[in-house]
Amino acid sequence: MIYLKTDEEIELLRKANLVVAGALAEVAKIVAPGVTTRKLDQVAEEYIHSQGCVPGFKGLYGFPATLCVHGIPSNYVLEDGDIVSCDCGAVTPEGFNGDSTYTFCVGNVAEEVLQLLRTTKESLYVGIEHAVPGNRIGDISNAIQQYCERRNYGVVREMCGHGVGRKLHEDPEVPNFGRRGTGPLLRNGMTIAIEPMINMGSKNIITERDGWTTRTRDRKPSAHFEHSIAIHHGKADILSSFEPIKEVLGERFI
């Protein structure tokens, strides 16, 4: 069932998403070679608690951490040239979820990887442009797929965006591939997370034995960007924000 949100509920969702934006900005301050993904997780969790919220992912479906680095944060030490996707959620005291993802560069990243990140992020905004009343979910999905596949990237099938509200994952699902004119009708009051996951190589991924860690089958890089949005007053209203990250990264902002 798709739950349409009131103006008040949308503002509470914005509040949650801006906490996530702040947490990701704190992560941006320390992403560097030599830092562990566990440290990124610690920084994000401390910030979320400092804002009177709680991590949205921790304990959900048994996940043990605040950040999903498309796997569980660990003692893995970031190396020069890595990229790291940080998917983060926060829940307000009123019970509303924020959800956003940014893929960070670690040190000096190869130009072809930077281009993957740029394309993935651009495809997110292309998808958002189609999130207007009267369109359908498939219009968002197809726009992302076409934008990325025309540039010879692989679009992950197994993971997708979703509705977001009092639950982190609500209906409808928002795939990053599909046919125009298909899927649920977009209406004012719908709140969804759009999150392209795009591979440099093939679309195929595998999940490791821990049940959480995913990687590309061909071991080529993959990028992930996500915004939570409301379809509000006839247009897409982006509830999350990359601006705090931009303020931290400056010229290094993708």
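Predicted model: local features only at pLDDT ≥ 70, side-chain atom pairs only at ≥ 80, totals over all residues.
## The largest pocket

The largest pocket has a volume of about 870 Å³. Its lining takes in 30 residues, and the ones nearest the centre are Val69, His70, Ile83, Thr214 and Arg215.

What sort of residues are they? Sorted by class, the lining has 13 nonpolar, 13 polar and 4 charged residues.

## The second largest pocket

By class, the lining of the second largest pocket has 11 nonpolar, 7 polar and 5 charged residues.

## The sheet

Now for the strands. Five of them make an open, antiparallel sheet, in the order β7-β6-β8-β13-β14. β7 (170-174) and β14 (235-238) each have a single partner strand, so one side of each has no neighbour in the sheet. On average, neighbouring strands are turned by 30 degrees against each other, ignoring direction.

Zoom in on β6 and β7: these antiparallel strands are joined by 3 bridges. Gly163 stands opposite Glu170 in β7.

## Helices on the sheet

Which strands does helix α3 (residues 111-129) touch? Helix α3 packs on the sheet against β8 (191-194), β13 (227-232) and β14, and its direction makes about 15 degrees with that of β13. Helix α4 (residues 137-149) packs on the sheet too, touching β7 and β8, with its direction at about 35 degrees to that of β7.

Conventions: Residues numbered from 1 in each chain as written. Heavy atoms only, no water. 1 Å grid on protein atoms, 1.4 Å probe; cavity = no way out; pocket = protein on both sides within 12 Å on 5 of 7 lines; lining within 4 Å. Points joined across faces, edges and corners; volume = space filled by probe spheres on them. Nonpolar A, V, L, I, M, F, W, Y, C, P; charged D, E, K, R; others polar. Pairing = 2+ DSSP bridges. Helix = DSSP H or I, 4+ residues; strand = E, 2+ residues; numbered from the N terminus. Axes fitted to C-alpha atoms, helices over the stretch in contact; angles between N-to-C directions. Contact = heavy atoms within 4.5 Å.
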